[in-house]
Amino acid sequence: MRVLVVEDEKRLAAGLKKGLEAEGFATDVALDGTDGLWMAREHPYDALVLDIMLPGVNGFKICATLRDEGVWTPILMLTAKEGELDEAEALDTGADDYLTKPFSYIVLVARLRALMRRGSSERPTVLEAGDLRLDPGARRVFRGDAEIDLTAREMALLDFLLRNKGEVVSKRDILDHVWDYDFDGDANIVEVYIRRLRNKLDRPFERDTIETLRGAGYRLAP
Ligand code: CA
């Protein structure tokens, strides 16, 4: 398993390399975004660990560029502390997961292994359910021909529901994927956002695509 770490904090980068190699990952390090993007394009990595604030090209841009070019290597993005918007943007630009700094090394390794197990199966550029469409690259959502304006968080939630369409997702699943894993606020935030999505995606079009399954979670009708 070969991992590329793109991180400009030298000490953190060196620590990650040492730690990941001890876990059996062949690990390369790029200390700026320009080198990172080049290396990610040139070598078939099994996963990327990508910092956001980088000299040269930032992590969001690297992620979006690779996805635009059809590179689907799993990407774990490192976000700054309390960077809620960063997390939503990380997912919007095509990252598979994110971890908030400072992070536990054990958690990082576990997440990387999970991402690698999932692999780099190519994802559709446009996510669809009936006449509902989300284009993650362009960050645009349509119901039929009507474009719907969503915030970054609403978009991240819809993205998650669409990727799991037809399946029941619990509030916890949603919190873990759309909010930070360490989010310890009120889980009712999920209900608030589901309601917002319904008000934008369903109600004006007289649809009912987001089902509530009492006690279990939500399901987006395929
Ligand atoms: Ca940095």
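Leaving aside neighbours within four places in sequence, which residues is Arg 41 in contact with? They are Thr 65, Leu 66 and Glu 69, where contact means heavy atoms within 4.5 Å. Welcome to a short tour of this predicted model, in which local features need pLDDT of at least 70, side-chain atom pairs count only at pLDDT 80 or more, and totals for chains, interfaces and linings use all residues. Residues are numbered from 1 along each chain as its sequence is written, and side-chain values use heavy atoms, with hydrogens and water left out.

**Overall build**

- The protein has eight helices and twelve strands; these are DSSP runs, numbered from the N terminus, with helices being H or I of at least four residues and strands E of at least two.
- Its radius of gyration is 18 Å, close to the 17 Å that the globule rule gives for 222 residues, so the protein is as compact as a globular protein of that length. The radius is taken over C-alpha atoms, and the rule is 2.2 Å times the number of residues to the power 0.38.
- Along the principal axes, the C-alpha atoms fill a box of roughly 55 × 35 × 25 Å.
- Of the contacts between residues at least 6 apart in sequence, 57% join residues at least 24 apart.

**Surface and charge**

- Of the 222 residues, 47% count as buried; buried means under 20% relative accessible area, exposed over 50%, and partly exposed in between, with a 1.4 Å probe and protein chains only.
- The accessible surface comes to about 11100 Å², and 50% of it belongs to carbon and sulfur atoms. These areas come from the Shrake-Rupley method with a 1.4 Å probe, and for residues only the protein chains shown count as cover.
- The protein carries 32 positive and 42 negative charges, whose mean positions are 2 Å apart. Lys and Arg count as positive and Asp and Glu as negative, while His and the chain ends are not counted; each charge is placed at NZ of Lys, CZ of Arg, CG of Asp or CD of Glu.

**The calcium site**

- Asp 8 (OD), Asp 51 (OD) and Met 53 (O) coordinate the calcium ion at 2.1 to 2.3 Å. Donors are N, O and S atoms within 2.8 Å of the metal (3.2 Å for Na, K and Ca), and water is not among the atoms, so sites may look incomplete.
- Distant parts of the chain are linked here: Asp 8 sits in the loop between β1 (2–6) and α1 (10–22), and Met 53, 45 residues apart from it, in the loop between β3 (47–51) and α3 (59–68).
- Asp 8 is partly exposed at 29% relative accessible area, whereas Met 53 counts as exposed at 65%.

**Residues in helices**

- Arg 41 belongs to helix α2 (residues 33–42) and is partly exposed, at 40% relative accessibility. Arg 41 and Thr 73 are 32 residues apart in sequence and 9.8 Å apart in space, C-alpha to C-alpha.
- Asp 159, in helix α6 (residues 152–163), is buried at 11% relative accessibility. Not counting residues up to four places away in sequence, Asp 159 touches Leu 127, Leu 134 and Pro 136.

**Backbone points to check**

- Most residues other than glycine have a negative phi, and most peptide bonds are trans.
- Lys 101 and Pro 102 are joined by a cis peptide bond, with omega about -5°; Pro 102 is in the loop between β5 (97–100) and α5 (105–118).
- Glu 206 has a positive phi, near 55°. Glu 206 lies in the loop between α8 (189–202) and β11 (210–213) and is exposed, with a relative accessible area of 76%.
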